[in-house]
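Subject: Structure for you to look over

Dear colleague,

I am passing on the structure below and would be glad if you could read it alongside the notes that follow.

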Amino acid sequence: MSLAKPLKKLASCVILDLDGTLLNTDGLVTEVLRGFLGKYGKQWDGREVHKIVGKTPFEAAAAIVEDYELPCTTSEFMSEINPIFSEKWGNIKALPGANRLIKHFSSHGVPMALASNSPRVNIESKISSHQGWKQSFSVIIGGDEVTSGKPSPEIFVEAAKRLNVEPSACLVIEDSIPGVTAGKASEMEVVAVPSIPKQSHLYTSADELINSLLDLRPEKWGLPPFQDWIEGTLPIEAWYIGGPVIKGYGRGSKVLGIPTANLSTEGYSTVLSEQPSGVYFGWARVSTIGVFKMVMSIGWNPYFNNPEKTIEPWLLHDFAGDFYGEDLRLVVVGYIRPEANFPSLESLVAKIHEDGRIAERALDLPLYSTYRDDPYLKCSVKDGSHS
């Protein structure tokens, strides 16, 4: 997915969007709208999310009022819902890779600006609980500080002016189409990190398209490279998921020759939504058998075009038979690569085996091997989930 066009310019500073790029705002928006629209007998199902991503608050509110035929004006809707959001802005989680990125550029003295369509006061609330973020940005600019929000280039041009650099020296990192449009109209290089699944074909004007912030390679833009990749793997903050092994699509063993243990994600939709699609690895416990190395994919599997986001772990062990119904616990400790499509089944199978070899070697490193004894793997799923 990391398809970079030939690079024309090198960057000396970075301008970042906030919602959907650094923060998992979409998760909060879904939570609030689901509850709010329920009062009107309406159901938020996320299908309209593309109409509000990257828009100004007023534009997003207007789209919801119109689409759901709410019995109120846009201003009335905003006056009702804004206090609900205001109470929760400080609780939004950082997206995977956001803290790493901010710390990296800050420690290397790369000037950064935060440019968001959100009002300045909301930006301050949203980043208040994220240690070191506010101090890391030389410039913070909100949509209420310019005449027109994105897709107008004004906010990015103003950010460059406040950074005291030419727009052409800036690299923009954005999740939305209005943001990408604004960045290109500002004559800046733009890396797109789409926040809406399966919409990457709409981001053709971006200079590079990446799956998540974990996949950013700053050296492509003349910026200091990350130094934390180890033998083809990226250490991440460990996360946990568990459930019964279920019958999946029936293609792991039959089509791929790779026996994946499909995991029921019931009750784990939030955890699943917070993790970027891609290939990860870690340790797995099958309740009555033991602990094993594993590599797994998260996502829609472009080759098979899954209708839903799934987790498909491959336990790196030859088992005598199936273990459907067994409790399976996973500790995910590292990242290998983004999800990708493949021209043939053979190339997909070859890549999965390569992922397996990378995981097999990496899990012998002390950094990862210590998680084999994680307390989460010592009890059954029924004993409760890890927090």
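To begin in the sheet, S297 stands opposite E312 in β11, and M294 stands opposite L315 in that strand. Before going further, please note that this is a predicted model, in which local features need pLDDT of at least 70 and side-chain atom pairs count only at pLDDT 80 or more, whereas totals for chains, interfaces and linings use all residues. Residues are numbered from 1 along each chain as its sequence is written, and side-chain values use heavy atoms, with hydrogens and water left out.

The mean pLDDT (the predictor's confidence in each residue, from 0 to 100) is 87 for the protein chain, and 89% of its residues reach 70 or more. Over residues 381-385, however, the pLDDT is below 50, and this stretch has ten contacts in the model beyond near neighbours in sequence; a contact means heavy atoms within 4.5 Å. Where pLDDT is low, the predicted coordinates should not be read in detail.

The sheet is open and has five strands in the order β8-β12-β9-β10-β11, with antiparallel pairing. Its edge strands are β8 and β11, each of which pairs on one side only, and the twist averages 30° from one strand to the next, with axes taken as lines fitted to C-alpha atoms (for helices over the stretch in contact) and angles running from 0 to 180 degrees between N-to-C directions. Strands and helices here are DSSP runs numbered from the N terminus (E, at least two residues, for strands; H or I, at least four, for helices), and two strands pair if DSSP finds at least two bridges between them.

Strand β10 (residues 290-299) is largely enclosed by the rest of the structure, because nine of its ten residues are buried, meaning under 20% relative accessible area, with exposed meaning over 50% and partly exposed in between (1.4 Å probe, protein chains only). On one hand β10 is joined by nine bridges to the antiparallel strand β9 (residues 278-286), with which it forms a hairpin that has three residues between the strands, and V286 stands opposite G290. β10 is also joined by six bridges to β11 (residues 310-315), again antiparallel.

Leaving aside neighbours within four places in sequence, the contacts of L16 include L22, L101, F137 and I173.

In helix α2 (residues 57-67), A60, A61, A63, I64 and V65 are buried, and the buried residues of α2 pack against α1 (25-38) and α3 (74-88). The helix is followed by E69, whose phi is positive, near 50°.

The structure holds zero disulfides (pairs of cysteine sulfur atoms within 2.5 Å). C13 is in no disulfide, and the nearest cysteine sulfur, that of C170, is 3.3 Å away; C13 is buried, with a relative accessible area of 1%.

Lastly, S212 lies in the loop between β7 (208-209) and β8 (234-244), and counts as buried at 5% relative accessibility.

With best wishes
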